[in-house]
Amino acid sequence: MADQILDQIRTAVEGQIDFEGQKLAELIANVALSLVGAIAFFVGYLLQDIKLAVWTALGGTALTFLVVVPAWPFYNQNPVKWLSAGKALDLSNLVVNEKAAR
């Protein structure tokens with residue numbers, strides 16, 4: 001039982017996400033940080049309090065960090081299926097440029 005828990009923790013910490021997960025993480029980070037910046041600006045402007053604006057921005061950035069940085073399972077929904085070494089294609093007769101082959 002302890003081994004299963006340690007394996008789950010190890011899998012979460014290793015940070016394996018697929019290419020679609022990377023794309024999603026980048027999109028979430030860009031949108032969230034843009035929204036956090038706009039909200040922090042308006043909070044600071046409306047309340048005329050720079051300290052509150054900075055704390056709002058820092059809190060939103062920390063929340064974005066917690067959503068984007070760990071390798072959550074929804075970032076690895078489309079894993080890449082790699083070919084095994086035994087199933088590699090034979091490329092010995094491949095001609096890339098006919099002029100070079102002459």
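Okay, let's start with what I call an element: helices are DSSP runs of H or I, at least four residues, strands are E runs of at least two, and both are numbered from the N terminus. With that, the chain reads α-α-α-α from the N terminus on, so to speak four helices and zero strands.

Housekeeping next. This is a predicted model, where local features need pLDDT of at least 70, side-chain atom pairs count only at pLDDT 80 or more, and totals for chains, interfaces and linings use all residues. Residues are numbered from 1 along each chain as its sequence is written, and side-chain values use heavy atoms, with hydrogens and water left out.

Overall picture, then. The accessible surface is about 8,900 Å², with 66% of that belonging to carbon and sulfur atoms; areas are Shrake-Rupley with a 1.4 Å probe, and for residues only the protein chains shown count as cover. Of the 102 residues, 14% are buried, meaning under 20% relative accessible area, while exposed is over 50% and partly exposed is in between (1.4 Å probe, protein chains only).

Asp-18 sits in the loop between α1 (2-14) and α2 (19-47).

What the Asp-18 side chain does reach is backbone: the nitrogen of Gln-77 at 3.4 Å, and the nitrogen of Asn-78 at 2.5 Å from one of its polar atoms. Leaving aside neighbours within four places in sequence, Asp-18 contacts (heavy atoms within 4.5 Å) Tyr-75, Asn-76, Gln-77, Asn-78 and Pro-79.

Over to α2. Ile-39 lies in that helix and is partly exposed at 48% relative accessibility.

Last one: Gln-48, in the loop between α2 and α3 (50-68). Its phi is near 50 degrees, positive in a residue other than glycine, and Gln-48 is exposed at 63%.

Technical notes: A polar contact is a pair of N or O atoms within 3.5 Å; within protein, one must be able to donate a hydrogen and the other to accept it, and residues adjacent in sequence count only if both atoms are side-chain atoms.
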